[in-house]
Amino acid sequence: MWAELLPVGRSASSGGYRRFAWNSADAECRAWFEQQARDRGLAYELDRNGNQWAWLGDPQAAGAVVTGSHLDSVPDGGAFDGPLGVVSSFAALDELRARGAEFTRPLAIVNFGDEEGARFGVACIGSRLTAGVLSPEQAYELRDADGVRLPDAMERAGYDPTAIGADDDRLARIGAFVELHVEQGRCLAEGQPVGVAGAIWPHGRWRFDFHGEANHAGTTRIEDRRDPMLTYANTVLAARKKAKQAGALATFGKVAVEPNGTNAIASLVRGWLDSRAADERTLTELVAEIERAAAERGERDGVRVELTRESYTPVVDFDGPLRDRLAKLLDAPVLPTGAGHDAGILASAIPTAMLFVRNPTGVSHSPAEYAEEADCLAGVAALADVLEDLACHRPQ
């Protein structure tokens with residue numbers, strides 16, 4: 001399975017992946033998922049939000065145990081973030097069948113769409129829509145860098161965008177969701193190969209619009225310029241400084257410039273801030289401080305600054321009893337994480353938990369992202385143990 005997925009959406013130049021929502025690589029990944037489901041005799045289903053499901057047992061029965069992750073990537077991302085969870089889910093089912101496990105609850109494997117938000121700027125779109133955290137009206141307004149609206153992209157890919165929205169009935173039938181993921185850090189580097197997630201830091205994405213005045217780079221005096229690039233650059237530095245002081249994280253990882261000419265002073269710079277902190281108060285104060293720093297510098301530069309919050313996820317404490325049950329079952333450490341996941345989105349609606357597989361480098365969202373084969377196999381065995389405990393035993 002791993003070998004089949006490796007070439008899909010991989011850039012020959014960077015070695016990273018470009019599996020974005022509703023593009024051709026995404027379609028190949030979806031076709032792969034459907035084939036894996038059918039090869040195992042599972043009931044394949046596409047839900048109203050474009051998420052894929054593979055069912056063992058009655059999809060309409062209550063108390064289903066669900067596992068899975070996502071198959072899309074960030075721009076030039078690594079091979080493990082997302083796909084490891086999906087591949088491991090199918091492998092864990094194979095392991096349980098080899099053990100002769102008898103299922104007493106329905107089991108489903110899911111591929112949530114557009115988890116990374118690389119195309120439309122909002123992470124976890126598939127799970128957000130399902131949980132009602134993102135409304136259809138909000139989704140309809142999302143556009144990619146080429147101005148293509150999300151519903152138009154769905155329609156071009158052969159999906160019906162008019163059906164998207166909260167799926168309360170589906171969530172009501174799920175008793176637990178467990179997502180396996182490569183660790184995005186190094187807490188497990190010197191210890192066990194598998195850990196259990198404790199909580200996800202609150203995090204969000206904010207768009208800063210720096211409005212200046214386009215002009216000629218070779219004829220405009222320094223004192224006559226209203227250059228938004230200066231304000232943007234100073235805001236990036238301020239974000240780093242203030243995040244370090246707060247013990248938090250702030251990253252400007254995406255920028256768009258108009259008119260984007262080498263010999264032209266920009267009229268507009270858009271910078272996207274990703275910020276995360278251990279608690280919501282710290283995060284709120286940090287973003288406010290970055291906004292103040294941007295506005296103060298903008299006033300000096302003759303640049304107007306606008307801030308738009310594009311997405312936000314509050315602190316996620318995974319289901320306590322489920323988390324503790326898994327940690328005890330696997331004798332595994334409980335780890336915090338600063339990364340968002342579909343499991344975090346669903347945590348407000350259903351009991352969720354996460355397993356992390358050791359990443360020796362700690363690198364993620366990069367072609368250097370990695371996990372040893374032995375650790376991946378340990379993750380499969382751990383997930384199989386968890387699913388057997390949850391879906392193959394009568395509730396106590």
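Which residue in β11 is the bridge partner of F210? In this predicted model, in which local features need pLDDT of at least 70, side-chain atom pairs count only at pLDDT 80 or more, and totals for chains, interfaces and linings use all residues, that partner is V269. Residues are numbered from 1 along each chain as its sequence is written, and side-chain values use heavy atoms, with hydrogens and water left out.

Strand β11 spans residues 268–276, strands being DSSP runs of E of at least two residues and helices runs of H or I of at least four, numbered from the N terminus. Strand β7 (residues 203–211) runs antiparallel to β11 and is joined to it by 9 bridges, where pairing requires at least two DSSP bridges between the strands. Strand β9 (residues 249–258) also pairs with β11 in the antiparallel sense, over 9 bridges, and V255 has G271 of β11 as its bridge partner. Of the 9 residues of β11, 7 are buried (under 20% relative accessible area with a 1.4 Å probe and protein chains only; exposed is over 50%, and partly exposed lies in between).

The structure holds 13 aromatic pairs, defined by ring centres of Phe, Tyr and Trp (its six-membered ring) within 6.5 Å, with planes under 30 degrees apart counted as stacked, over 60 as edge-to-face and the rest as tilted. One of them is the tilted pair of W22 and Y159, with 4.7 Å centre to centre and 55 degrees between the planes. This pair links distant parts of the chain, 137 residues apart, since W22 lies in the loop between α1 (2–5) and α2 (24–39) and Y159 in the loop between α6 (150–156) and α7 (168–172). W22 is buried, with a relative accessible area of 12%. The pair of W53 and F112 is edge-to-face, because the ring centres are 6.0 Å apart and the planes stand at 80 degrees. W53 belongs to strand β2 (residues 52–56) and F112 to the loop between β4 (107–111) and α4 (125–131), so this pair ties together parts that are 59 residues apart in sequence. Both W53 and F112 are buried, and together with W55 and F177 they form one aromatic cluster.

The charged end of R30 sits over the ring of Y159, 5.3 Å from its centre, the criterion being NZ of Lys or CZ of Arg within 6 Å of the ring centre and within 35 degrees of the ring normal. R170 lies over the face of W53, at 4.8 Å from the ring centre.
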